[in-house]
Structures are given as structure tokens and as C-alpha cells.
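Hi,

Here is the structure I promised to pass on. Have a look at it first, and then read on for what turned up.

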Amino acid sequence: MKPRLFSTFRCLRHENPLGLPRSGAPPQMPRMQRGLPQKRSIRDVKKVIAVSSAKGGVGKSTIAVNLALAFARSGHRAGILDTDIFGPSIPTLLNLSGEPRLSANNQLIPLSNYGLKSMSMGYLIPEEAPVAWRGLMVMKALQQLLHEVDWGGLDVLVLDLPPGTGDVQLTITQQVNLDGAVIISTPQDLSLKDATKGVELFRKVNVPILGLVTNMSGFKCPGCGQTHSIFGPNEKIKEMCKKYDLRMLGEIPLHPRICEDADRGKPTVVAEPDGDRARAFTDIAKEVRGLVHL
């Protein structure tokens, strides 16, 4: 008998084996039918803005908390949610501690300081205790922070995202209706490369990018009065904005007072509200408010 090679080939044939999209294809099934999470709003919150850097150590949390405080100082009911499960920064930045109380409907009640409501994993575990959890526990904790907090009615909530473009970022962008994202970067090449990954992530999941903020953009020498580019020339940031069609929201200078104020739990917008550095944050907040119609 003559052998027949690939005798089952006819049964395995498919006119479109990779499932590539074609013109005239029927509309996609709803997200739930495709096994994807359904997006929903955070209860009692009008606008939700994500602050991301995709890289640690660039001052993202400091900018996020000053941005939220600037919203509060402009008369809006504002809050900030620390979504970094492993390394929460908001308790230190706002000089807050203690376990949150539960509301009548068993939801977490945010802690407040400087007229800003906040919630963080740092309030729920001891400061020195490591969060040695696997992915499923992290996702469960994130779900509780996103949807089991009684914000009591907010005009705007700032989400301080952790570094990277992994599970936490995907969960937030796929399950929460975000009004926009703000990208933080320094002029350094390493930061810019990671910031680019963050830009691409938000675009893949159809989250509008409000613009980019340059942190540590330059150091003004108190002796000679000249501004020195410690982390590289700002032209790199401008080139990135042009390449990816990003709005330049503002520049935050490199200054020891910004770091000192953050470490003592009194961010710049509160510590020196009428100073030039605080004005840099409030100007960015004003532009963001206009972009999200707040």
C-alpha cells in the first residue's frame, strides 16, 4: 500500500488559521462574551486620572501627590489611590498612618490630610512588613482598593501607578474607565525608553494620554544662577513628544526642597504654596483639568 503523508491535512485546513481581521468582518463580541473584564467606573468618582512612568525612581509618586493636592487647592474634591501594592509611597508623602475604618456597608474609609483623601496598601500593613504575595493575592488586594473604598463623592481621583507595564497596569486599564493618563519621565535615556513602553501600553488599551511631564528637568545653581541639565538635555524629551505626538504638560526642576518636603510628609504644593516650584505643579494641574473637562 502506498503511504499517504499528511492524511489528516484536509481535516485541519482552515481558511484563516491565524484569525486575522478582514474587511467586512462582523462586529466584535462584547468583552464579557470574549472572557475579558467589563470596564466600570469607580463609585462616586467623576474623573479618574492615571499617573505612570513605567520606571521607578523618577519621582512619579511625588508628582502624583502634588498634582492631586493642586486639584484640592483649586476647590475640587480630590483623592489619590496608591496602586503600588509592594512599595506604597503615599502614606509617607502625606504623613499618614493607621488602619482605615470600615463604613456601614463594609467599605474602607479613606484617610485625609491637607484636604486630600487617600487610600494605600501602606495603611493596611505594618510599615516594615514586606508584601510577600503571589499574583492572585495582589490582584485581589488591587480589586479591593479600586472598588471597595468609600470615597464619599470626588470630582477627581489620581491613581499613582507602580513601575512597569504588567498585571497591575493591565488590570486597571482593562477594568476601570480612565479619563486619561499622565506620563512622567526624566530626560535620561533609560527613563525615556521605559516611558515609551508606557505610552504604547495606554494606546493599545485605548486610554487617552493627556501628555508628558518632565521631572528633574534641570538644576538651577544658587551660585552662578545657571541651569544645568543633570540628567541630560531636555531636547530628548521634546523629540520624544514630537515622535509620539504627545503634549508637553510641564517641567519640574531638580531641587533638594522638593525631595525634603516629600520625605517629611509635606509636599511642595502645601509646603510652599506660593513658590515657583509649587506653581510648576499647579500649572500642570490646570492644564490637566482643561483636558479632562474638570
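This is a predicted model: local features need pLDDT of at least 70, side-chain atom pairs count only at pLDDT 80 or more; totals for chains, interfaces and linings use all residues.

Is Gln107 buried or exposed? Its relative accessible area is 8%, so Gln107 counts as buried, the cut-off being under 20%. The Gln107 side chain comes to 3.4 Å from the backbone oxygen of His147. Beyond its neighbours within four places in sequence, Gln107 also touches Glu148, Val149 and Asp150, along with Arg43, Arg101 and Leu102.

Next, helix α8, which spans residues 256-263: its buried residues are Ile258, Asp261 and Ala262. These cover an arc of only 100 degrees around the axis, which puts them on the same side of α8. An α-helix has 3.6 residues a turn, so residues three or four places apart point the same way. The cover over the buried residues of α8 includes α2 (60-73), β10 (248-252) and α10 (276-291). Just past α8, Gly265 adopts a positive phi of about 75 degrees.

Finally, the largest nonpolar core: it holds 79 residues, and Phe71, Ile80, Trp151 and Val182 have the most contacts inside it. Helix α2 supplies the largest share of this core, with nine residues. Setting aside neighbours within four places in sequence, the contacts of Val182 include Ile49, Val51, Leu210, Leu249 and Val288.

Best wishes

Terms used
Residues are numbered from 1 along each chain as its sequence is written. Side-chain values use heavy atoms; hydrogens and water are left out. Buried means under 20% relative accessible area, exposed over 50%, partly exposed in between (1.4 Å probe, protein chains only). Helices (H or I, at least four residues) and strands (E, at least two) are DSSP runs, numbered from the N terminus. The arc is that of the directions from the helix axis to the C-beta atoms. Contact means heavy atoms within 4.5 Å. A nonpolar core is a set of buried Ala, Val, Leu, Ile, Met, Phe, Trp, Tyr and Cys residues joined through side-chain atoms within 4.5 Å. A polar contact is a pair of N or O atoms within 3.5 Å; within protein, one must be able to donate a hydrogen and the other to accept it, and residues adjacent in sequence count only if both atoms are side-chain atoms.
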